[in-house]
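Student: I would like to learn how to read a model of two chains. Could we take it feature by feature?

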Amino acid sequence: MKKASSDSLSAYLFVAPTLSGYLLFVLGPLIAAIVLSFTHYDMMSPPRLVGFSNYARLISDARLAVVYKNTALFAVTAVILTVGIGTFLGVAVNKRLPAFLKYILRTAYFFPVLVGMIYAAMVWKFLFNRDLGVVNYYLHFFNLPPIPWLTSSGWAIWSVILVYVWKNVGFTMLTTLAGLQNISEELYEAARIDGAKPHTVLFRITIPLLSPVILFNVTIAMINTLQEFDSIVALTNGGPGDASRTVVIYIYDKAFRSFDMGYASAIAVTLFVVISIVTLLQLWGSRRWVHYA
Amino acid sequence: MSTLSSSNTAITAPPQEGAVTAGKRRPGLQWVGTALVILAAFPMVAPFAWMLATSLKSGPHAFDLPPSWVPTEWHFQNFLSLFQSNVPFATFVLNSLKVAIVVTVAQLLTCSMAGYAFAHLRFRGAKGIFGLLLTSLMMPIQVTVIPTFLIMSGLNLIDTHWAIILPLITNAFGVFLMRQFFLTLPRELIEAARIDGANQFTIFWRIALPLAKPALASLAIITFTNTWNSYFLPLVFLNSWEKMTLPLGMFALSNVYGSGNVSVIMAAVGVAVCPVLILFLVAQRQIILGMVGSAVKG
C-alpha cells in the first residue's frame with residue numbers, strides 16, 4: 001500500500017514537466033483561443049466581449065470560403081499523391097535489388113524529409129522561375145510552353161502541392177518498406193503454391209496487411225497538410241491574390257498583420273473543429289478497411 | 001501480359017529465397033517498377049545538385065541555362081561572403097544552434113521521464129493523461145499560437161529565445177516514442193531493482209535511461225532537426241536581426257537580396273542544410289528507427 005502510493009507520487013513527478021508544458025502551451029491556449037473568439041482584441045486596448053459577432057463575420061467573409069477551399073484542395077490532393085506514390089515506391093523498392101542501390105534509393109527519397117521546408121522552398125522558388133527557371137527550361141526543351149508556376153492563380157497551389165509531395169513522399173516510402181518487412185514470407189509462399197495471380201497477391205495480401213501503415217501515413221499526411229505553412233509562405237506567400245492561401249496562413253495574417261486577434265481566434269476555433277471532425281471520421285472509417293493482423 | 005503470367009504460374013517453380021513480392025512472377029512488370037523508381041529518384045536529388053552547383057558559381061553565371069547539375073566553377077567566395085558581409089549570418093547560425101540544443105536537451109529529459117512513467121508506473125489517470133497528450137499531435141500550432149503570444153508578451157519574452165524554447169520544452173511525439181521503447185524493457189528488471197531497495201528515480205536514472213540510448217539518440221536527432229528547421233515560431237516571436245534563427249533570418253534576407261544574388265542565397269541554404277546532411281549520413285539508422293518505428297509498432 002505504502003509502496004503503491006509512493007509509486008504514484010513519483011509517477012506524477014515524472015509526468016509533471018510534460019503535463020505542465022501541455023497545460024500551458026496546448027490545452028490552456030486552446031481554451032483561451034475559444035474565449036478570445038468571443039472578443040474584439042487589437043492588442044492596443046484590452047479585449048472586449050462581443051458575443052457571437054466574430055462568428056457572424058465568418059459566415060459573410062468571402063475570403064474565408066476561398067482559403068477553406070484551398071485548404072481542402074491542398075490537403076486532399078497532397079495526401080492522396082503522397083501516400084499513393086510513397087506506397088508504390090515502397091512496394092517497388094522492396095525487391096531483391098543490390099544492397100547499394102537500395103541504400104542510394106532510400107537516401108535519395110528520404111533526404112528531403114529532413115531538410116527544412118523553408119530551405120527546400122527557397123530552392124524550388126528559383127527552379128520554378130517563369131523565365132529563368134530550370135523547370136521551364138526543360139519544358140521548353142520538350143517543346144512545351146512555359147508555365148507560370150508561382151505567378152498564375154491557376155498554377156500556384158499545384159506548385160505548392162508538388163513541392164509538398166516531393167518533400168514528403170520518402171516518409172511514406174520508408175514506413176511502407178518497414179511495414180512490408182513485417183508481412184510473413186509464408187503467406188506469399190502459400191499464395192504461390194496456390195497459383196494466385198500477382199494482382200490477387202497485391203490486393204489480397206500486400207495491401208490488406210499494409211493497411212495499418214497506410215492509415216498511419218494518411219493520418220500523418222492529413223495532420224501535416226492541414227497545418228502546412230512554411231512552403232506556402234516561401235513559394236507564393238498565399239498569392240497571387242488568395243489563390244494559394246490556406247486557413248493557417250489566413251489566421252497568421254489576421255492575427256499578426258491586421259492584429260485582429262479576436263477574429264483570428266474565431267477562425268482558429270473553426271480549424272480546430274474541422275480537424276477534430278476529420279480525425280474522428282478517419283478513426284471511424286478506418287474500422288471498416290484497416291486490417292490488423 | 002497474359003503470356004508472361006501464365007508462363008510463370010507453374011507450381012513447380014523453384015522456391016526462391018529472399019523477398020518474394022507480388023511482382024516476382026512478372027519479370028516485365030517488376031522491371032518497369034524498378035526503372036520508374038530509379039528514374040524518379042533524379043528529380044528527388046536534382047534540387048540539391050542545382051543548389052550545390054549554383055552556390056559555387058560567380059554571380060553573373062548563376063542563371064545560366066542549360067543548368068548545371070555538377071559544379072562547373074569553384075567560386076568559394078559566396079560562402080566566405082556570408083560570414084564577411086554586414087549580414088549577421090554567423091549570428092543566425094549560433095542562435096539556431098543554441099535554441100536547437102537547449103530544446104533537444106530539454107525534450108530528452110521531459111519525454112523520457114514521462115515516457116517511463118506511462119510505461120512502468122501505475123498511477124491514477126495515466127490512461128486519460130496519455131490520451132490527452134496525444135491529442136496535441138493533431139493540434140495545429142496556429143490554433144494555439146495567439147494565446148501563446150499573449151502569454152509571452154505578458155512575461156516580456158517577445159523577441160527573446162525563451163519565447164521559442166518554452167513551447168517546445170516537451171513534445172507528445174517524444175513521450176510516445178520513449179514510452180514505446182520503455183515498454184520493451186522487461187518488468188522483472190524494474191521489479192528486481194525495486195526489491196533491492198532502489199527508488200523510482202534511481203531505477204530510471206541508473207537502469208532504464210542507460211538502456212534507452214538508441215531511443216534517446218533517435219529522439220535527439222529528430223528534435224534537433226525539427227527545431228533547426230523551424231520557421232513558424234521564430235516568425236511569430238522574434239523580430240530583431242540579432243535574435244533571429246537561421247530559417248527566419250535567411251528567408252528575410254533572401255527577400256531583401258532579391259534574386260540578384262542567387263549564388264549567395266544558395267550558399268546560405270547549403271550551409272543550413274549541411275548539419276542535417278551530416279546527421280543523416282552518420283545516423284541514418286537511428287533516424288529511420290525513430291520516425292518509422294512508431295508507424296509499424298502502431
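## Reading the two chains

Tutor: Start with one residue. B:Phe251 sits in helix 13 of chain B, residues 246–257. Keep in mind that this is a predicted model.

Student: Is B:Phe251 buried or exposed?

Tutor: Count C-beta atoms around the residue. The cut-off for buried is 20 or more others within 10 Å. B:Phe251 has 23, so B:Phe251 is buried.

Student: Which residues does B:Phe251 contact, leaving aside neighbours within four places in sequence?

Tutor: They are A:Ile118, A:Met122 and A:Ala234. For a separation within the chain, take B:Arg206. B:Arg206 is 45 residues from B:Phe251 along the chain, and their C-alpha atoms are 44 Å apart.

Student: How many residues does each chain put into the contact between A and B?

Tutor: Chain B gives 75 residues and chain A gives 84. On the chain B side, 52 are nonpolar, 19 are polar and four are charged.

Student: How do I read a pair of packed helices?

Tutor: Two packed helices are described by the angle between their axes and the distance between the axes. The crossing is left-handed.

Student: Which residues make the contact between these two helices?

Tutor: From helix 12 of chain A come A:Met261, A:Ala264, A:Ser265, A:Ala268, A:Leu271 and A:Phe272. Helix 6 of chain B supplies B:Gln142, B:Val143 and B:Ile146. By class, seven are nonpolar, two are polar and none is charged.

Student: Where does helix 9 of chain A bend?

Tutor: Compare span with length. Helix 9 of chain A runs over residues 198–226. A straight helix of 29 residues would span 42 Å, but the end C-alpha atoms of helix 9 span only 36 Å. Then look for the bend. Helix 9 of chain A bends by about 55 degrees at A:Ser211. A proline, A:Pro212, follows within four residues.

Student: Why is A:Thr77 classed as partly exposed?

Tutor: A:Thr77 belongs to helix 3 of chain A, residues 62–93. Partly exposed lies between the limits, 12 or fewer for exposed and 20 or more for buried. A:Thr77 has 17 other C-beta atoms within 10 Å, so A:Thr77 falls in between. A:Trp158 is 81 residues away along the chain, yet the two C-alpha atoms are separated by 9.2 Å.

Student: What should I look for in backbone angles?

Tutor: Most residues other than glycine have a negative phi, and most peptide bonds are trans. Look for departures from that. A:Asn143 is not a glycine, yet its phi is positive, about 60 degrees. A:Asn143 is in the loop between helix 6 and helix 7 of chain A. With 6 C-beta neighbours inside 10 Å, A:Asn143 counts as exposed. In helix 6 of chain A, residues 134–141, the buried residues are A:Val134, A:Val135 and A:Asn136.

Student: Where is A:Phe259, and what is its phi?

Tutor: A:Phe259 lies in the loop between helix 11 and helix 12 of chain A. Its phi is positive, near 50 degrees. A:Phe259 has 12 other C-beta atoms within 10 Å, so A:Phe259 is exposed.

Student: Which residues flank the cis peptide bond?

Tutor: A:Gly239 and A:Pro240, with omega near -5 degrees. A:Pro240 lies in the loop between helix 10 and helix 11 of chain A.

Terms used: Residues numbered from 1 in each chain as written. Chains lettered and ligands numbered in written order. Predicted model: local features only at pLDDT ≥ 70, side-chain atom pairs only at ≥ 80, totals over all residues. Contact = placed C-beta atoms within 7 Å. Nonpolar A, V, L, I, M, F, W, Y, C, P; charged D, E, K, R; others polar. Expected span 1.5 Å × (residues − 1). Bend = angle between axes of the 7 residues up to and from the residue. Left-handed = near helix turned anticlockwise from the far one by under 90°.
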